[in-house]
Amino acid sequence: MPEEKVLFAREDDMPVAEDISNEIQTTKYLICISDGLLYGIDAEQVETIITDHSITRLPRVPHYVRGIINLRGQIIPVIDIRRRLGKPEAEENCILVVNIGNDSMGILVDGVDKMVDIVADSILPMPTQNPQKLISGMCSLPEGKTLLILDCGLLMHE
């Protein structure tokens, strides 16, 4: 009778599914819409979403600063992302209050879409010929649309 050879793998040699999943790092982004474009904001930065809130206009501020709001006793500047990107104002909009460092800032957008998990490796840098400094990267969404990753920290800088 011929001798059968059987190879056995030790358990510690086998890849564990948990180890594989740790290699894929994802970040949650809130997708907002402005002028037909999709912008992703790191969900950890988003404090709240406000609709129907009155904005107090201020004199002598950059054209893209729409004004300030009083949110639970905290004065928050509001940046109009359309104006900041050189686009015309929109009638309907909402304010995303984001936390940047120790400061809060409102970002006026046309609307909010949804939350998505984005694999960190899928975010590509912006083309070098693009002068847009507010966008830190871009990626494709499963439905075929392009998501621009917004760098909220740069919104207040000229």
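Between which strands does the loop with arginine 72 lie? Arginine 72 lies in the loop between β4 and β5 (74-80). This residue is one of the sites shown in the legends below, which describe a predicted model.

**Figure 1. Overall fold of the predicted chain, with two helices and ten strands.** Along the sequence, the elements follow the order α-β-β-β-β-β-α-β-β-β-β-β. The chain has 158 residues, and 34% of them are buried. Among contacts with a separation of 6 or more, 52% are made by residues 24 or more positions apart. The chain exposes about 10,700 Å², and carbon and sulfur atoms supply 51% of this area.

**Figure 2. The largest nonpolar core, formed by 23 residues.** Ile41, Ile107 and Leu150 have the most contacts inside this core. At least two core residues come from each of the strands β1 (26-34), β2 (37-42), β6 (94-100), β7 (103-109) and β10 (146-150). In soluble globular proteins, nonpolar side chains tend to be buried together.

**Figure 3. Surroundings of leucine 150, one of the residues with the most contacts inside the largest core.** Neighbours within four places in sequence are left aside in this view. The contacts of leucine 150 then include Tyr39, Gly40 and Ile41, together with Ile81 and Ile107. Leu134, Ile135 and Leu155 are also in contact with leucine 150.

**Figure 4. Serine 34, a buried residue of strand β1.** The relative accessibility of serine 34 is 2%, and the residue therefore counts as buried, the cut-off being under 20%. When residues up to four places away in sequence are not counted, serine 34 touches Tyr39, Ile81, Arg82 and Asp110.

**Figure 5. The largest cavity, with a volume of about 30 Å³.** The structure holds one cavity of 30 Å³ or more. The lining consists of Arg66, Asp80, Arg82, Ala90, Asn93, Leu108, Val109 and Asp110. By class, these lining residues divide into three nonpolar, one polar and four charged. Arg82 and Asp110, which belong to the lining, are also touched by serine 34.

**Figure 6. Leucine 124 in the loop between β8 (111-119) and β9 (135-140).** Leucine 124 and methionine 138 are 14 residues apart in sequence, while their C-alpha atoms are 5.3 Å apart in space. With neighbours within four places in sequence left aside, leucine 124 is in contact with Gly137 and Met138.

**Figure 7. Aspartate 52, a residue with positive phi that is not a glycine.** The phi angle of aspartate 52 is about 55°. Aspartate 52 is placed in the loop between β3 (46-50) and β4 (65-71). Its relative accessibility is 80%, so aspartate 52 counts as exposed, for which the cut-off is over 50%.

**Figure 8. Arginine 72, a residue with positive phi in the loop between β4 and β5 (74-80).** Arginine 72 is not a glycine, yet its phi is positive, at about 50°. Arginine 72 counts as exposed because its relative accessibility is 72%, the cut-off being over 50%.

Methods: Residues numbered from 1 in each chain as written. Predicted model: local features only at pLDDT ≥ 70, side-chain atom pairs only at ≥ 80, totals over all residues. Heavy atoms only, no water. Helix = DSSP H or I, 4+ residues; strand = E, 2+ residues; numbered from the N terminus. Buried < 20%, exposed > 50% of the residue type's maximum accessible area, 1.4 Å probe, protein only. Contact = heavy atoms within 4.5 Å. Areas by Shrake-Rupley, 256 points an atom, 1.4 Å probe, with all protein chains shown as cover. Core = buried A, V, L, I, M, F, W, Y, C linked by side-chain atoms within 4.5 Å. 1 Å grid on protein atoms, 1.4 Å probe; cavity = no way out; pocket = protein on both sides within 12 Å on 5 of 7 lines; lining within 4 Å. Points joined across faces, edges and corners; volume = space filled by probe spheres on them. Nonpolar A, V, L, I, M, F, W, Y, C, P; charged D, E, K, R; others polar.
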